[in-house]
Amino acid sequence: MFYGCNVVNEGLRVKLYPDKVMRDKFNQSLGNARFVWNNLLTEYQETFELFKQHGYTKLKCNQTTFNTMLTMLKKQYPFLYKSESSSLQQVYRDLLQAFNGFFNNTSNYPKFKSKKNPKNGFRIQNNNNIKITNNTIVLPKLGKVHYRTSPQYKQLLKESKINNVTIKKEHNHYYAVFNIETEKRPMKKTGKTVGIDLGIRTLATLSNGLKITNLDTTHEDKMIKKYHRILSRKKYNSKRYNKTLKTLGKWIQRKNNRIKDAYHKLSHYLVKNYDIICMENLDIKELFQDTDLSSSLQSIAWRKLVDMIKYKCEWYDKKFIQINRWFASSKNCSQCGYYYKDLGDKKEWTCPNCQTHHDIDINAAKNIQNEGLNLLIDDPLVNLRNWGDSTAILLSWESTGP
Ligand SMILES: [Zn+2]
């Protein structure tokens with residue numbers, strides 16, 4: 001390990017090429033995980049109904065209860081023994097987490113899992129029994145499966161500590177997502193800071209005036225729409241239905257991959273070029289959005305991008321600041337602070353006080369940067385010299401690079 005490195009958990013996804021025997025084993029394990037989830041959920045609901053009749057309004061569950069339920073299920077349904085045992089324990093841990101989210105009001109009530117869902121998975125803990133060679137992965141209880149990935153990823157897989165692996169089936173393709181521990185060297189400090197405003201037409205506007213447009217996925221969207229339409233006219237589970245489903249899945253996958261790739265590049269660029277990255281709190285941003293489907297999809301996309309920037313800042317020793325931007329602040333002049341109440345839906349305006357001409361998105365990004373830096377005044381890690389010129393901020397972070 002290098003001195004000063006950050007040890008981080010990272011997901012590494014590789015494509016699997018299972019033969020017929022292995023596909024059957026995977027499908028059995030996927031089915032078993034779903035079966036256990038649905039059974040435990042039913043069991044819980046029935047128990048809760050009983051408690052309700054006696055006046056209880058809440059029934060919390062814990063690991064021990066679920067573990068006992070699982071043991072009983074296994075005795076009743078011997079096919080569950082075909083699964084690697086940690087993968088079934090993972091099911092009740094996930095269910096428990098889903099329930100905790102529900103009880104804390106952060107997520108909806110857990111849903112039953114359907115075989116029709118094109119995405120399914122099960123997770124195996126690594127107890128030193130996952131073996132990886134150049135072309136194959138050996139999984140406990142399940143055996144050997146071929147995989148393909150880049151030489152860099154192969155090297156990383158061999159060198160890193162593997163915590164667990166999730167086998168995923170997505171639109172009839174199989175993947176393994178390894179949770180590995182890797183080391184990240186901090187990136188070189190640049191002494192620069194940036195505010196970022198997220199938008200719908202322009203994905204990201206930087207406070208230095210740079211605008212990054214949203215990726216054009218018109219072609220993929222058109223094809224997805226087309227195959228959805230064709231699918232709706234086919235008989236469920238017929239040969240033609242499944243063939244169309246496969247093509248549809250391919251287009252969805254292609255769109256997602258392109259977006260993910262673009263986000264990785266953008267987040268990497270930002271973290272490489274700036275030491276302090278200021279963004280707004282999305283919960284507040286979403287409050288002022290329409291609640292139609294396209295804008296909720298936009299929110300999901302924003303969250304993905306923000307998450308990437310956030311964890312990369314942690315990996316590479318940069319600072320990420322999220323601010324609560326109030327609606328009015330897009331009406332404030334980033335130069336002098338003047339409140340321009342007649343903004344309306346203008347795209348550009350000139351400040352009546354200091355005569356600065358503003359593009360609304362760039363002005364918003366500058367305000368986000370200013371507020372982010374305001375929050376940092378008390379931060380002992382940051383030595384603010386020449387306050388007012390944000391690019392001249394001198395960082396006094398200990399240099400930890402080799
Ligand atoms: Zn002004």
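Helices (H or I, at least four residues) and strands (E, at least two) are taken as DSSP runs, numbered from the N terminus. I worked from a predicted model, in which local features need pLDDT of at least 70, side-chain atom pairs count only at pLDDT 80 or more, and totals for chains, interfaces and linings use all residues. Residues are numbered from 1 along each chain as its sequence is written, and side-chain values use heavy atoms, with hydrogens and water left out.

**Entry 1**

I began with Asn105, which lies in the loop between helix H3 (85-103) and S2. Its phi is near 60°, a positive value in a residue other than glycine. For burial I used relative accessible area: buried is under 20%, exposed is over 50%, and partly exposed is in between (1.4 Å probe, protein chains only). Asn105 is exposed, with a relative accessible area of 69%.

I then looked up Gln355, in the loop between strand S13 (348-350) and strand S14 (357-359). Gln355 is not a glycine either, and its phi is positive, near 65°. At 55% relative accessibility I list Gln355 as exposed.

**Entry 2. The sheet**

I found an open sheet of seven strands in the order S2-S6-S7-S1-S5-S4-S3, with antiparallel pairing. Its edges are strand S2 (119-125) and strand S3 (131-132), each of which pairs on one side only. I count two strands as paired if DSSP finds at least two bridges between them. Strand S1 (residues 6-17) and strand S7 (residues 173-184) are joined by 11 bridges in the antiparallel sense. Within this pair, Arg13 has Val177 in S7 as its bridge partner.

**Entry 3. From S1 into H1**

Asp19 sits in the loop between S1 and H1. I noted it as partly exposed, at 48% relative accessibility. Asp19 and Lys144 are 125 residues apart in sequence, yet their C-alpha atoms are 9.7 Å apart in space.

H1 has 34 residues and reaches 50 Å from its first C-alpha to its last, close to the 50 Å expected at 1.5 Å a residue. I took the expected span of a helix as 1.5 Å times one less than its number of residues. After H1 comes Gly55, with a positive phi near 95°.

**Entry 4. Nonpolar cores**

I defined a nonpolar core as a set of buried Ala, Val, Leu, Ile, Met, Phe, Trp, Tyr and Cys residues joined through side-chain atoms within 4.5 Å. The largest one has 45 residues, and Leu16, Phe26, Ile137, Leu139 and Phe178 touch the most other members. Helix H1 (residues 20-53) supplies the largest share of this core, 10 residues. A second, separate core has 27 residues, including Leu206, Met279, Trp302 and Trp315.

I followed up Phe178, taking contact as heavy atoms within 4.5 Å. Leaving aside neighbours within four places in sequence, its contacts include Leu12, Val14, Ile130, Ile137, Leu157 and Asn164.

**Entry 5. Two hairpins**

All of strand S9 (residues 202-206) is covered: five of its five residues are buried. Strand S8 (residues 193-198) runs antiparallel to S9 and is joined to it by three bridges. The hairpin between S8 and S9 passes through three residues, and Leu198 stands opposite Ala204 in S9.

S9 is also joined by three bridges to strand S10 (residues 211-213), again antiparallel. Here the bridge partner of Ala204 is Ile212 in S10. Four residues lie between the strands in the hairpin of S9 and S10, where Gly209 takes a positive phi near 100°.

**Entry 6. Helix H5**

I checked the length of helix H5 (residues 218-232): its 15 residues should span 21 Å at 1.5 Å a residue, and its end C-alpha atoms are 21 Å apart, which agrees. Glu220, Met223, Ile224, Tyr227 and Leu231 are the buried residues of H5. They cover an arc of only 100° around the axis, so they are on the same side of H5. The arc is that of the directions from the helix axis to the C-beta atoms. The buried residues of H5 pack against helix H6 (239-273). Lys222, Lys225 and Ser232 are exposed residues on the face turned away from the buried side.

**Entry 7. Cysteines**

I looked for disulfides, meaning pairs of cysteine sulfur atoms within 2.5 Å, and the count came to zero. Cys351 is buried at 0% relative accessible area, whereas Cys354 is partly exposed at 28%.
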